[in-house]
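Dear colleague,

I am handing over the structure below, and after it you will find what turned up when I went through it. Please read the notes with the structure open beside them.

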Amino acid sequence: MSRAISVVIPTFNRLEILPRVLEALAAQTIGAEAFEVIAVNDGSTDGTEGYLAGHRAPFALRGFSQANAGPAAARNRGVREAQGDLVVFLGDDTVPEPTFLERHAEAHRERSGRKIAVLGYTTWPTERRVTPFLHHINEYGLQFGYELIGDREAVPFNFFYTSNISLPRAAFDEAGGFDTTFPDAAWEDIELSYRLSRAGYVIVYEPRAVVRHHHDITFASFRRRQERSGRAAAIFYGKHPELGDFLGVDRASNRPPAVPAWVRLWASLCEKWEIPGGRRAIDRVLTGDYLRGLAVALDAAPPGGRTDPSRGHGTGEASGTGG
Amino acid sequence: MSPSVSVVIVHLRGRERLLRTLEEVSRQVAREGGELVVVDNGSREGAPEEIRRRFPRARVLSQPTNRGFAAGCLVGAEAAASEWLVFLNDDAIPEEGWLASLREAAGRLPSDAFTVAGRLLDRTGSRIDFTDGFLVFDGHAFADRVGAPADSGGGPGDERLFACGGNMLVERREFFESGGFDPGYFAYLEDVDFGWRQWILGHRVLYEPRATARHEGGATGEALGLYNRGYLIEKNAWATAYKNFDAEHLRELWGAAATAFLVRIDAMIRRDPGAASLSRDPYREPAGAVGPLARWLGVRAAEDSIRIDDPLAIAQLRALRAVLEGAGGLAESRARVQQRRVRPDREIFARFPLRIVPTYPGDEIFSTPFFAPFLPAALPLAPSRLEEIFPGGA
């Protein structure tokens, strides 16, 4: 039997949290018969495959395994297997609230006939203390940028966060799915979104469709992520050179001076001691990391064709140009 | 078919106002096609990053320092990819249909017009901020009927001497061929200079009231302060008059303009306690005069000294200095404009009468018999009062 909604979850070595994601899906306010869940195990080595095979859920759960190929390929696979008309992308470490699917379905129903994707709100778990650093990267565009959204009915293409977004399967197919030349979770989502926007699709923000992000992020880990994001941005630029300004290509090409050591120190202290006023320093350091990654990638061989042996999935997070 | 446009917005201060403007502009640009170019003139509130995050399609051209509005517009125009440019103030929020109206107007322009003046209203949308403007005999210019009801500013296709640089459309090729905004102006009156030049070159500037934006009010202008703003306006008024008046007008009007300047300076300094000694009777002994015995003992008389604090007076004098220091360049600019002149000023001012408007301290002299000989009998000036120009209050 075909169901209206297909929830697609790509996963890589997240067995410590994936069961909670599935539990939360079992507790959705819409009936279990209304949706299916497609989990694509992207070459995990922590027993995810066995877990998925043995898991019993009230909804239709289908697990697929593939050799590690990155989140873009895993999501494409998930959509290929999906039977629903509406695809909802969810991260493997983002636990949805009970009304999550109801809100997504409702948002599409209320706007039927319009070409839209619906973006939900990804935030931190209630039990987690949200430091100024975590708040900042979640709300102001480094990881997510919810506070920057002006018109909820016309959100720009760079707010396509695959931890919590839904779109008609036909739209995904029309745009051609994710580009698998992006090696890991950086920019592959925004790049698809850009193609969708050019095909006339608009992102609508529904903040009541909430998922909670269980991921330990530190300043140091986020800095490494920013550099990876910079490298992936070069692939994006190769495909869409008209977005050079947005991606920061000029700034990277001009070899901006290294961020001074004292700014780096101040930024890390701001994170560690939870100093609220450190936003600008943190932005500066993280932007520097991003631009450095981008500059290296622009200098290297023409964009495309790189591979990365450890393709983590993160949460399908967005890739801001950074600070 | 309506042509594509590049909207160029120059930003210096007032990040929140800019973001409100971009919110609406980016929506209209997305609908109408074209591009959005933001020139960041060295702002310090982090606008470029926020723009990149919130408006990913916008092109942000970050300048290391403030190069002024005119040069900022040139940078944006240079980078723009479309056939038509739209300049919009960073604190002017377009009303629905603004960009569509400008594009339509561009598509309808007759062969002798390349510039469309949009309409600026106040923040409530009920009163005029700019719908028309006029030139004064000394190179100053005013927006006309500021504060009057919004719909009383004329109809589509009406001729204008100039478009306000805060909301206008111009063909990109023509903008550069005709010299664009003069970067030496930095800010203020570059739009008047450009519009007048369009008429000098035989072109026209036309009005489109449906291209409306609501002007929130100048964060940049306010931050400049009385001195800097006054300086720029005075300097650019001199430059505008000197560059653009044809030989007849320059000859006939320069005496009045120079006299007005002298009278204003005197009136402004008169208010300045530090310049009190200028009023001293030159035939009387100074108050600090010393007698012969004291002189023999080496006591010296106090000398007259002047200390000017009045910001308007300082702005006037500083502007004069800048004009004189740039005299060579101004002469070249004047030669370039006059060489390309197609239409005499008489014809231009027959359509847009030159005015005489008492504005500054000292301007009461305009209506005295003393000033009358400076006013050219053959070139009539239309007298206006500030209350007529600002019916809603200045």
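**Helix packing in chain A**

Helix 8 of chain A passes helix 12 of chain A in a right-handed crossing (a crossing is right-handed if the near helix is turned clockwise from the far one by less than a right angle, and left-handed if anticlockwise; helices are DSSP runs of H or I with at least four residues, strands are runs of E with at least two, and both are numbered from the N terminus). The model is a predicted one, in which local features need pLDDT of at least 70 and side-chain atom pairs count only at pLDDT 80 or more, while totals for chains, interfaces and linings use all residues. Residues are numbered from 1 along each chain as its sequence is written, chains are lettered from A and ligands numbered from 1 in the order in which they are written, and side-chain values use heavy atoms, with hydrogens and water left out.

Helix 8 (residues 219-239) of chain A and helix 12 of chain A pack at an angle of about 40°, their axes being 7 Å apart (axes are lines fitted to C-alpha atoms, for helices over the stretch in contact, and angles run from 0 to 180 degrees between N-to-C directions). That makes helix 8 of chain A oblique to helix 12 of chain A, since angles under 35 degrees count as roughly parallel, over 145 as roughly antiparallel, 65 to 115 as roughly perpendicular and the rest as oblique.

Helix 12 (residues 279-299) of chain A also packs with helix 11 (residues 261-272) of chain A, at an angle of about 120° and with the axes 8 Å apart; these two helices are therefore oblique to each other as well, and their crossing is left-handed.

**Salt bridges and the interface**

The structure holds 61 salt bridges over all chains (a side-chain nitrogen of Lys or Arg within 4 Å of a carboxyl oxygen of Asp or Glu). One of them joins R208(A) to E106(A), with the closest N and O atoms 3.7 Å apart; this pair links distant parts of the chain, 102 residues apart, with R208(A) in strand 8 of chain A and E106(A) in helix 4 of chain A.

Between the chains, 14 residues of chain B are in contact with 23 residues of chain A, and four salt bridges are found across this interface. E49(B) forms a salt bridge with R251(A), with the closest N and O atoms 2.4 Å apart.

How values were computed: Contact = heavy atoms within 4.5 Å.
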